[in-house]
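Subject: Structure handover

Hello,

Here is the structure I promised to pass on. Please open it alongside this note.

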Amino acid sequence: MTMQQLMGMMQGLQEAMTASKAEQERMQADLTASQGRNDELHRANEELHRGWRDVDEPETATPPREFSTPFSQEILETTIPNTFTGPKVTFTGMEDPEAHLTAFHTQMMLVGGFDAVRCKLFMNTLTGMAMDWFISLPEGHVTSFAQLSRLFREQYLANKAPTPVSYDLFDVKQYQGETLRVHKPLRSAGGEGGYH
(Lines give C-alpha, C1' and ligand atoms only; values in the text may rest on other atoms or scores of the structure.)
Protein backbone atom coordinates (compact mmCIF):
# COMPACT_ATOMS: atom_id res chain seq x y z
CA MET A 1 0.00 0.00 0.00
CA THR A 2 1.42 3.34 -0.94
CA MET A 3 1.62 6.37 1.29
CA GLN A 4 -0.86 8.21 -0.87
CA GLN A 5 -3.42 5.40 -0.51
CA LEU A 6 -2.83 5.33 3.26
CA MET A 7 -3.36 9.11 3.45
CA GLY A 8 -6.57 8.77 1.40
CA MET A 9 -7.86 6.07 3.76
CA MET A 10 -7.07 8.19 6.82
CA GLN A 11 -8.79 11.19 5.33
CA GLY A 12 -11.87 9.05 4.53
CA LEU A 13 -11.90 7.75 8.11
CA GLN A 14 -11.65 11.28 9.52
CA GLU A 15 -14.55 12.45 7.32
CA ALA A 16 -16.61 9.43 8.41
CA MET A 17 -15.80 10.16 12.04
CA THR A 18 -16.77 13.83 11.62
CA ALA A 19 -20.04 12.83 9.94
CA SER A 20 -20.70 10.27 12.68
CA LYS A 21 -20.03 12.85 15.39
CA ALA A 22 -22.40 15.32 13.69
CA GLU A 23 -25.06 12.61 13.47
CA GLN A 24 -24.60 11.78 17.17
CA GLU A 25 -24.91 15.46 18.09
CA ARG A 26 -28.08 15.77 15.98
CA MET A 27 -29.55 12.64 17.63
CA GLN A 28 -28.65 14.00 21.09
CA ALA A 29 -30.37 17.30 20.25
CA ASP A 30 -33.49 15.40 19.06
CA LEU A 31 -33.48 13.31 22.23
CA THR A 32 -33.16 16.42 24.43
CA ALA A 33 -36.00 18.11 22.54
CA SER A 34 -38.15 14.97 22.83
CA GLN A 35 -37.52 14.77 26.57
CA GLY A 36 -38.47 18.44 26.88
CA ARG A 37 -41.75 17.84 25.04
CA ASN A 38 -42.40 14.78 27.19
CA ASP A 39 -41.79 16.78 30.39
CA GLU A 40 -44.10 19.53 29.13
CA LEU A 41 -46.87 17.02 28.36
CA HIS A 42 -46.41 15.42 31.77
CA ARG A 43 -46.75 18.83 33.49
CA ALA A 44 -49.86 19.66 31.45
CA ASN A 45 -51.38 16.29 32.32
CA GLU A 46 -50.74 16.84 36.04
CA GLU A 47 -52.30 20.31 35.86
CA LEU A 48 -55.32 18.89 34.11
CA HIS A 49 -55.77 16.22 36.79
CA ARG A 50 -55.32 18.81 39.55
CA GLY A 51 -57.88 21.02 37.85
CA TRP A 52 -60.39 18.18 37.67
CA ARG A 53 -59.93 17.40 41.34
CA ASP A 54 -60.34 21.07 42.28
CA VAL A 55 -63.47 21.70 40.24
CA ASP A 56 -66.67 21.45 42.29
CA GLU A 57 -69.76 19.94 40.72
CA PRO A 58 -71.88 22.75 39.27
CA GLU A 59 -75.11 23.49 41.09
CA THR A 60 -77.07 23.28 37.84
CA ALA A 61 -76.13 19.66 37.13
CA THR A 62 -79.27 17.50 37.30
CA PRO A 63 -78.66 14.11 38.89
CA PRO A 64 -80.31 11.11 37.28
CA ARG A 65 -83.87 10.64 38.42
CA GLU A 66 -84.02 8.15 41.27
CA PHE A 67 -87.20 6.53 42.48
CA SER A 68 -88.22 3.80 44.84
CA THR A 69 -89.78 0.74 43.33
CA PRO A 70 -93.29 -0.43 44.17
CA PHE A 71 -92.17 -4.07 43.81
CA SER A 72 -91.72 -6.29 46.83
CA GLN A 73 -88.24 -7.58 47.64
CA GLU A 74 -89.15 -11.03 46.28
CA ILE A 75 -90.07 -9.57 42.87
CA LEU A 76 -86.96 -7.36 42.85
CA GLU A 77 -84.70 -10.35 43.50
CA THR A 78 -86.20 -12.39 40.65
CA THR A 79 -83.98 -12.35 37.58
CA ILE A 80 -85.41 -12.44 34.09
CA PRO A 81 -83.85 -15.25 32.02
CA ASN A 82 -81.85 -14.18 28.95
CA THR A 83 -84.22 -16.19 26.77
CA PHE A 84 -87.11 -13.83 27.56
CA THR A 85 -87.84 -11.06 25.13
CA GLY A 86 -89.92 -8.18 26.37
CA PRO A 87 -93.48 -7.73 25.09
CA LYS A 88 -93.84 -5.53 22.03
CA VAL A 89 -96.75 -3.51 23.46
CA THR A 90 -96.63 -0.11 25.16
CA PHE A 91 -99.09 1.82 27.31
CA THR A 92 -98.81 5.60 27.67
CA GLY A 93 -101.86 6.15 29.88
CA MET A 94 -104.23 7.03 27.04
CA GLU A 95 -105.16 3.56 25.79
CA ASP A 96 -107.78 1.03 26.93
CA PRO A 97 -106.28 -0.84 29.92
CA GLU A 98 -108.19 -4.07 29.12
CA ALA A 99 -106.86 -4.09 25.55
CA HIS A 100 -103.33 -3.57 26.87
CA LEU A 101 -103.64 -6.36 29.45
CA THR A 102 -105.07 -8.69 26.79
CA ALA A 103 -102.18 -7.95 24.41
CA PHE A 104 -99.67 -8.41 27.24
CA HIS A 105 -101.20 -11.74 28.35
CA THR A 106 -101.25 -12.98 24.76
CA GLN A 107 -97.56 -12.30 24.30
CA MET A 108 -96.67 -13.72 27.72
CA MET A 109 -98.49 -16.98 26.89
CA LEU A 110 -95.95 -17.49 24.12
CA VAL A 111 -92.92 -17.09 26.39
CA GLY A 112 -94.30 -18.26 29.75
CA GLY A 113 -92.74 -16.86 32.90
CA PHE A 114 -93.32 -16.69 36.61
CA ASP A 115 -95.51 -14.15 38.35
CA ALA A 116 -92.53 -11.96 39.32
CA VAL A 117 -91.19 -12.04 35.75
CA ARG A 118 -94.61 -10.93 34.48
CA CYS A 119 -94.53 -8.00 36.91
CA LYS A 120 -91.13 -6.85 35.69
CA LEU A 121 -91.95 -7.28 32.02
CA PHE A 122 -95.29 -5.47 32.46
CA MET A 123 -93.46 -2.51 34.01
CA ASN A 124 -91.33 -2.42 30.85
CA THR A 125 -94.47 -1.80 28.73
CA LEU A 126 -95.32 1.43 30.56
CA THR A 127 -94.18 4.82 29.25
CA GLY A 128 -94.95 8.48 29.85
CA MET A 129 -97.81 9.15 32.27
CA ALA A 130 -98.25 5.42 32.89
CA MET A 131 -94.66 5.10 34.09
CA ASP A 132 -95.17 8.17 36.31
CA TRP A 133 -98.22 6.46 37.84
CA PHE A 134 -96.27 3.23 38.37
CA ILE A 135 -93.34 4.84 40.18
CA SER A 136 -95.74 6.82 42.37
CA LEU A 137 -97.04 3.59 43.95
CA PRO A 138 -95.83 3.03 47.54
CA GLU A 139 -92.46 1.33 47.88
CA GLY A 140 -92.68 -2.46 48.18
CA HIS A 141 -96.49 -2.36 47.67
CA VAL A 142 -96.79 -4.71 44.66
CA THR A 143 -96.48 -8.38 45.59
CA SER A 144 -98.12 -10.16 42.63
CA PHE A 145 -99.13 -9.70 39.03
CA ALA A 146 -102.82 -10.09 39.95
CA GLN A 147 -102.49 -7.13 42.32
CA LEU A 148 -100.58 -5.06 39.73
CA SER A 149 -103.26 -5.81 37.11
CA ARG A 150 -106.02 -4.74 39.54
CA LEU A 151 -104.24 -1.48 40.40
CA PHE A 152 -103.64 -0.84 36.70
CA ARG A 153 -107.32 -1.43 35.81
CA GLU A 154 -108.48 0.83 38.63
CA GLN A 155 -106.13 3.63 37.61
CA TYR A 156 -107.14 3.62 33.94
CA LEU A 157 -110.80 2.62 34.31
CA ALA A 158 -111.88 5.85 32.59
CA ASN A 159 -110.00 4.77 29.43
CA LYS A 160 -111.89 1.48 29.16
CA ALA A 161 -113.96 1.16 26.00
CA PRO A 162 -117.68 1.17 26.88
CA THR A 163 -119.45 -2.16 26.58
CA PRO A 164 -122.49 -2.18 24.26
CA VAL A 165 -125.81 -2.19 26.16
CA SER A 166 -129.23 -3.39 25.07
CA TYR A 167 -130.79 0.08 24.90
CA ASP A 168 -128.42 0.84 22.02
CA LEU A 169 -130.76 -1.32 19.95
CA PHE A 170 -133.68 1.08 20.49
CA ASP A 171 -132.49 3.20 17.56
CA VAL A 172 -132.43 0.20 15.22
CA LYS A 173 -135.44 0.04 12.92
CA GLN A 174 -136.76 -3.20 11.45
CA TYR A 175 -139.16 -2.98 8.57
CA GLN A 176 -142.03 -5.40 8.09
CA GLY A 177 -140.78 -8.59 6.51
CA GLU A 178 -137.12 -7.69 7.16
CA THR A 179 -135.08 -10.29 9.05
CA LEU A 180 -132.45 -9.52 11.67
CA ARG A 181 -129.97 -11.62 9.71
CA VAL A 182 -127.05 -9.79 8.07
CA HIS A 183 -127.46 -9.63 4.30
CA LYS A 184 -124.48 -10.80 2.32
CA PRO A 185 -124.11 -10.03 -1.38
CA LEU A 186 -124.22 -13.04 -3.69
CA ARG A 187 -122.48 -13.38 -6.99
CA SER A 188 -124.57 -14.68 -9.79
CA ALA A 189 -123.10 -16.54 -12.74
CA GLY A 190 -123.17 -13.34 -14.80
CA GLY A 191 -121.21 -11.42 -12.17
CA GLU A 192 -124.26 -9.41 -11.03
CA GLY A 193 -124.37 -8.84 -7.32
CA GLY A 194 -127.54 -9.74 -5.48
CA TYR A 195 -128.63 -10.11 -1.88
CA HIS A 196 -129.34 -13.29 -0.02
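Contact here means heavy atoms within 4.5 Å. Keep in mind that this is a predicted model.

**Helix α3**

Start with α3, residues 97–111. The helix has 15 residues. From first C-alpha to last, α3 reaches 21 Å, close to the 21 Å expected at 1.5 Å a residue.

Which residues of α3 are buried? They are P97, H100, L101, F104 and M108. These residues sit on the same side of α3, because they cover an arc of only 95° around the axis. What covers them includes α4 (115–123) and α6 (145–155). The face turned away from the buried side carries M109 and L110, both exposed.

Now the two ends. At the start of α3, a side-chain oxygen of D96 comes to within 2.9 Å of the backbone nitrogen of E98. After α3 comes G112, with a positive phi near 75°.

**Salt bridges**

How many salt bridges does the structure hold? There are three.

One of them involves α3. E98 and R153 meet through their side chains, at 2.6 Å from N to O. This pair links distant parts of the chain: E98 belongs to helix α3 and R153 to helix α6, 55 residues apart. E98 has 24% relative accessibility and counts as partly exposed. R153 is partly exposed too, at 33%. Neither residue counts as buried, because buried means under 20% relative accessible area.

Another lies within helix α6. R150 pairs with E154, and their closest N and O atoms are 3.3 Å apart. The two residues are four apart in α6, about one turn of the helix. Both are partly exposed: R150 has a relative accessible area of 41%, and E154 has 49%.

Then there is E23 with R26. Their closest N and O atoms are 2.5 Å apart. Both lie in helix α1 (residues 3–54), three residues apart, again about one turn of the helix. E23 is partly exposed at 34%, and R26 is partly exposed at 42%.

Why does such spacing put two residues on one side? An α-helix has 3.6 residues a turn, so residues three or four places apart point the same way.

**Where to look first**

I would begin with E98. Its backbone nitrogen has the D96 side-chain oxygen within 2.9 Å, and its side chain forms the salt bridge with R153.

Best wishes

Methods:
Residues are numbered from 1 along each chain as its sequence is written. This is a predicted model: local features need pLDDT of at least 70, side-chain atom pairs count only at pLDDT 80 or more; totals for chains, interfaces and linings use all residues. Side-chain values use heavy atoms; hydrogens and water are left out. The expected span of a helix is 1.5 Å times one less than its number of residues. Buried means under 20% relative accessible area, exposed over 50%, partly exposed in between (1.4 Å probe, protein chains only). The arc is that of the directions from the helix axis to the C-beta atoms. A polar contact is a pair of N or O atoms within 3.5 Å; within protein, one must be able to donate a hydrogen and the other to accept it, and residues adjacent in sequence count only if both atoms are side-chain atoms. A salt bridge is a side-chain nitrogen of Lys or Arg within 4 Å of a carboxyl oxygen of Asp or Glu.
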